[in-house]
Amino acid sequence: MSESKINRGLFEQSLSTAPETQAKVSEKLHQDIMRAVRLAKPVGRVTSTTWTVPAWGTGIAATAVAVFYLAQTPPVTPLQPDLSSTAATLTSLGEKLAALPGETALPEEELRKELARIKSDLSRFGIGS
Amino acid sequence: MSTTQATDEQQLIDRAREGSVDAFEQLVLKYQDRLYRFLLVRSANRADAEDALQEAFVAAFKYLPSYRDRYRFSTWLFTIAIRHLGRLGRQQTTHSDLPDDVACERPGPEQLGMQMQNRQSLWQTARTCLGDSQFTALWLFYIEEMPIAEIGVTIRRPVSWVKVNLMRSRRRLSRTLQTAKPEQADSLGEVTL
């Protein structure tokens, strides 16, 4: 064995047997470490707490949306006809026609126009065919 | 590390990953002294070393699900500790800018002689003379017996850098010891690589 190898061995041995390499963690420090570890939460692990928060958060959001929609007044579309009033008009028109005496001289042309208008109304509101 | 030990350690890691603090405590017991010794020499004082040790283990527990067994668990643990130490800025001042062919100027020969007499170790001398990465590489190589590739990963340096700087560190340390106390250095001899 060469002298340099012996020397290197001694050198390395002195590095690995130095006093610093013998230090130990005290029981108190170990307990402190474990106390801190117990307070830490692993990143990426799903816990019951992480599921609970979204659950009641979703509940609150759903309630807010429901309250918002219930507080709304019924939507009014100006173009949409009021079907109940149309039905009443038709009924009264029918009654008027029935009340007309048979001999009343009405121009045929006027009657045809009236009939066409009623048919048009009926088909527009989806009543009859 | 034997196969049985490695399997036991892997089982502990798996259980700790699932949130078992008891399993993680076994890992802490296994590595705390080794990590503590390293941090003790790298930190400015004992309190800083203890803080860094605690923070390193807490971070290891938090990020354990992201650990992959590509490298040894000890390598991963030392990597965390070193990065924590770097972030906290709790490192001793070193003389990394000195060329490797000159002996370290501080501490002086008398001081160093006294350190030796007071059983202050070579590591204290190394800490004063070497840069952070050089010192860490030397420690991981001799004390942790870590493979050079893993030392490179731990200190974020290429393998070639680790090899060259291990040699330079040994040489510089040897020259410093010869300058400080010839009889002490004589017993160690000039390090020829």
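So, chain A first: reading along the sequence, you get α-α-α-α-α. That's five helices and zero strands. Keep in mind that this is a predicted model.

Okay, now the core. The largest nonpolar core here has 50 residues. Which residues have the most contacts inside it? Those are B:L35, B:L39, B:L53, B:A56, B:L77 and B:A81. Chain A does show up as well: its α1, residues 3-16, is one of the elements giving two or more residues to this core. From chain B, the elements on that list include α2 (21-42), α3 (46-62) and α4 (73-88), and also α9 (159-180). The most comes from α2(B), with 10 residues. And why does the core lie between the two domains of chain B? Because domain 1 (3-88) and domain 2 (109-188) both give residues to it.

Let's zoom in on α2(B) and α3(B). Their axes come within 10 Å and cross at roughly 145 degrees, and the crossing is right-handed. On the α2(B) side, the residues that meet α3(B) include B:F24, B:V28, B:L35 and B:L39. Across from them, α3(B) brings in, among others, B:A49, B:A52, B:L53 and B:F57. By class, that contact has 12 nonpolar residues, one polar and one charged.

Last one, B:L39, which we already met in the core. Leaving out residues up to four places away in sequence, B:L39 touches B:A49, B:A52 and B:L53, plus B:A81 and B:L85. Okay, that's my bit!

How values were computed. Residues numbered from 1 in each chain as written. Chains lettered and ligands numbered in written order. Predicted model: local features only at pLDDT ≥ 70, side-chain atom pairs only at ≥ 80, totals over all residues. Helix = DSSP H or I, 4+ residues; strand = E, 2+ residues; numbered from the N terminus. Core = buried A, V, L, I, M, F, W, Y, C linked by C-beta atoms within 7 Å. Buried ≥ 20, exposed ≤ 12 C-beta atoms within 10 Å, placed from the backbone. Domains from an automatic or database assignment. Contact = placed C-beta atoms within 7 Å. Axes fitted to C-alpha atoms, helices over the stretch in contact; angles between N-to-C directions. Left-handed = near helix turned anticlockwise from the far one by under 90°. Nonpolar A, V, L, I, M, F, W, Y, C, P; charged D, E, K, R; others polar.
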